[in-house]
Amino acid sequence: MKKDSRLALRPRDYVVIILCLTGTAISLNLFRLDLYRTLLSQNAVQVGTITFKRHTAQRRMEDRVIWDRLRQKSPLYNGDLIRTAEQSLAVIHLPVSTPGKTRDIDLEENTLIQIRINAQGETEINLANGSLNVAAGGSGDVVINVQGSRIRANSSTALGASAGAGGIVVQVAQGSALFSGPSGSREIPSGAVIALNNNGTERTEPAVLVYNPRPDAHIFNSQSSPTPASFSWNRINLDEELIIEIAQDRNFTRINQSIAARESSALAELPPGTWYWRINRAAVVVGANAASANAESPLAQGRITVAYAPAPAPIGPAPDYVYHFRTKSLVRFQWTETAGAAGYILEAADNPDFTNPRISEEVSGTSLESSALGAGRWYWRVHPVLPGTSAVGTSAVSSFTIEQDLAALQEPLPISPSADGYLDQDRDLYFSWQKGNEAESYTIRIAAREDLQNPLVKSTTRDNYYKETAGKLEQGRYYWAVSQTDAEGNESPVSAVRSFVVAERENILRTVFPPNNYTAAEALISDIHFTWKSNLPFETKYQLAEDAEFSRLLVNEAVKGESLRGRPLPAGTYYWRIYAEAPGQVYQTPAQRITLAEDFPAPAAELPLPGSRIVIRAGQESSSFRWRSIDGAEYYQVRIYGNNRNPLYEQTLRANTFQLERLNRFENGPYYWTIQAFADEGPGSTRRSGLVGQESFILRKLQALTLDWPETGAAITEQPAIVRWSTQETLGRSRFILSRNPNPLGGRTVMEIPNPGRTITLTRLPEGTYYWTVAAETQDGFDLSAAPRYFQVLAGVSPDIPQTAENPLVVPVEQQAVRPPVVIPPVLPPVTPQAVTPQTVTPQTQQPERLPVVPPQTVPPVERPAPITRPVEQQPTDGKVIGPAELQENRSIVFSWEPVPEAARYIITLFRVDENGRQQLIEAETKGPSWTLDDLRLLNRGNFIWKVDPVYQKADGSFEQQHTTAENRFSLEVPLPDRVQPGNTGVLYGR
């Protein structure tokens, strides 16, 4: 039986479905409103726009909590909040009553403001922090609210205001402003400054408030010569002489200028670059510590960037160019770019003084098309819009003429083929006509009838020629004509109709060499043979021109034969062809392009730098040479010279770098090297060579310092010991170091002598292994330090053993065979003491008058105290974890261990352990079996090891450190603070 699977819905089910659909629709609508709330807010009244001088800014509408990303010329609305980030500069433009003008508010970096146009038409600015400058031109006052104070400026006032943790500063550069604060109201005249602390009281401590230049000012100059930079400031309780220092670095180690100023202004001449300046009392900038004292607390400081930005140069219309139009004139202006310009102001007028210009428009690019100009002579110029101070003027004035043609557009003049000319059916057919000044396009018609009805070909082209594919027209007589159309869409009458004949004939006229797009060295043009093939019975001409249309002929010479030697010409691009003319017919080859190239430029050396030194150390016999690649060069010839004209090294290379080997064969001194670029002859070019680049360098070979005695692993049995070292270099300074550490330059030293002699007598040394070296450098600052060596001091033996003449303290091998053998410990001392295995030395070759042989004897091992045992039930125990609770209760850590008999004192060492191994933190001495670390700031979260070494006092009063070490590990657990998650502020930088 089939079961009914249909679902029956009850009335309450429909109610639930309707409620769900309704909730979904409401949610989607709320989401849409929130998503497009920014766009809906744009229905509010726009009060201005914002542009950026550097990077970008952000805006938050008054009824929103999200900051919007802005673009150039973004709109601003009443009540908007605007902020700039680090190194960001922006300008707010507010429209005023004067047409084409705006009220500008310059925002410095790290500034937050709210802008509003109130009911009285005043511009009201709430400054939270940062700095701004306002030029209050136009109608309506400007009101600035900052930290409980209010500044009101009229339309003729220019002022700046800043707010921060130190209070507020208001500076009036032009006009006057009314200031109202906690202490009352007063007028701020032009050039005056008010500085208040956070509590509203005026600053009384001496200060200098600089209002020119602005922070991080930029000065643009169209000349590469030094640019005047004006400094102006106000003094607060300060009447003494001031010093302005200008340097190339922020640490003022290279001071370029130092200017004394009794007044409140100064002028500096600064070349292009970035300069740092500071102002301080003249009394501080004296003595040997002037730089450091002045850097501690300057009265004011800042940075100025002087940029080389040449004025824009007009490109088009070209000077004295003539435009033709009938119904609509369209002129395209174009100019060069000025570095750092935020935009350009284009002016065009009918007079060279630009009185009442017809065009005065600000554009962001370097071109503009305009149809605002009519017939007449026009003058135009461009002024760059640059941030900050600018010494860049307008471009040169250029002029052009616009003429209105009231007559009809003239028809083109046909050129080729000539009337009744013959064309080969098996070749492409070429048609050409004279180029029209006003032509935007051409329309060619080819028909079998003279009235051009039902044309076989009707084609539109922008060129003044047309190619018809070979074989498309059968043999016979045809007619052709052409018309032109200007930019306004006006079409000229059709030109005079010409006839031509398509026939089956093979006329040979073609070029052979050089091929099209051939490149030749300028100096080799006379060696090139221009060749062609021709079977025409007419006079043949060789033509050379500057353009592909052959309107500017340089050579038009009748030739006999099929070749011609090239003529000397300056570098450039030329076109050549073979031309023949018969009655009613013109024959010519396609234009062949040939480029005459100048010599390659001289390659610029990159490594070594010109005049630099190449330093060769022991074991190093090579150095790299590199130069800048030359476009088109295939290989380079390199030569290195000494004091004569014969090269010491010569090589041909494909790459722009090489490794010079065996530098030890060269002597110390100056050298120079040359590089020249070449290119081989190929199918499309002649051989080419370049100018010779020459640079110099100085070779310096360093002779290594050597440790002569004792040799590595030598055993010393008698003291005092003597060490010897030598060098062939003249040293600037040196230092002898003797240590128990395998790295003598690290840790404590046993003995250290500055600028020692070549032979050094050591003090009496306890038994053990010692490491020594000599750290030295030459007078010109090169390091010659020797690799460390080690030797061993053994217990003393009978003094009746003869000593060698080379070193009286070391027993030679020949004489060790006639006395009890000595035991030589390994290079590194063992961690725990072990018994020494007896060794014997086999006697060498018989020597005259040698002593009687004594049977080998065993040297008993040295008895050493037992190792220190691990600390038991004392803090910190091995593996102990110290947590926050213990650190809060105890502000110190006690380290303790079992005492060692006969130990005079102990050395405790604390290490930090991480993936890089052990890192020593503390080393201390103590007489008792415990030590306390009071300064826990020396530790941090992680793992640590501490160890103890006893120090014994021998019978002769000397001390000896035995390697009987105890080690414990412990960990320090400190919880990390919660990480602060800032809100997403978006990308604060852009173009």
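In this predicted model, Phe736 counts as buried because its relative accessibility is 0%, which falls under the 20% limit for that class. Trp772 is likewise buried, with a relative accessible area of 0%. The ring centres of Phe736 and Trp772 lie 6.1 Å apart and their planes stand at 50 degrees, so the pair is classed as tilted. Phe736 belongs to strand β62 (residues 731-739) and Trp772 to strand β65 (residues 768-778), and the pair thus links distant parts of the chain, 36 residues apart.

The structure holds 35 aromatic pairs. Another of them joins Tyr542 and Trp576, a tilted pair with 6.1 Å from centre to centre and 40 degrees between the planes. Since Tyr542 lies in strand β45 and Trp576 in strand β48 (residues 572-582), this pair ties together parts that are 34 residues apart in sequence. Tyr542 counts as buried at 3% relative accessibility, and Trp576 is buried with a relative accessible area of 0%. Elsewhere, one aromatic cluster is formed by a set of residues that includes Phe625, Trp627, Tyr636, Tyr649 and Trp673.

Turning to the sheets, five strands form an open sheet in the order β26-β33-β31-β28-β29, with mixed pairing. Its edge strands, each pairing on one side only, are β26 (321-325) and β29 (359-363), and the twist averages 25 degrees from one strand to the next. Strand β26 runs parallel to β33 (residues 398-404), to which it is joined by five bridges; the bridge partner of Phe325 in β33 is Gln404.

A further open sheet consists of three strands in the order β17-β19-β22, and here the pairing is antiparallel. The edge strands β17 (207-212) and β22 (265-270) each pair on one side only, while the twist averages 30 degrees from one strand to the next. Five bridges join β17 to β19 (residues 227-236), the two running antiparallel, and Val208 has Arg235 as its bridge partner in β19.

Notes:
Residues numbered from 1 in each chain as written. Predicted model: local features only at pLDDT ≥ 70, side-chain atom pairs only at ≥ 80, totals over all residues. Heavy atoms only, no water. Pairing = 2+ DSSP bridges. Helix = DSSP H or I, 4+ residues; strand = E, 2+ residues; numbered from the N terminus. Axes fitted to C-alpha atoms, helices over the stretch in contact; angles between N-to-C directions. Phe/Tyr/Trp six-rings, centres within 6.5 Å; stacked < 30°, edge-to-face > 60°. Buried < 20%, exposed > 50% of the residue type's maximum accessible area, 1.4 Å probe, protein only.
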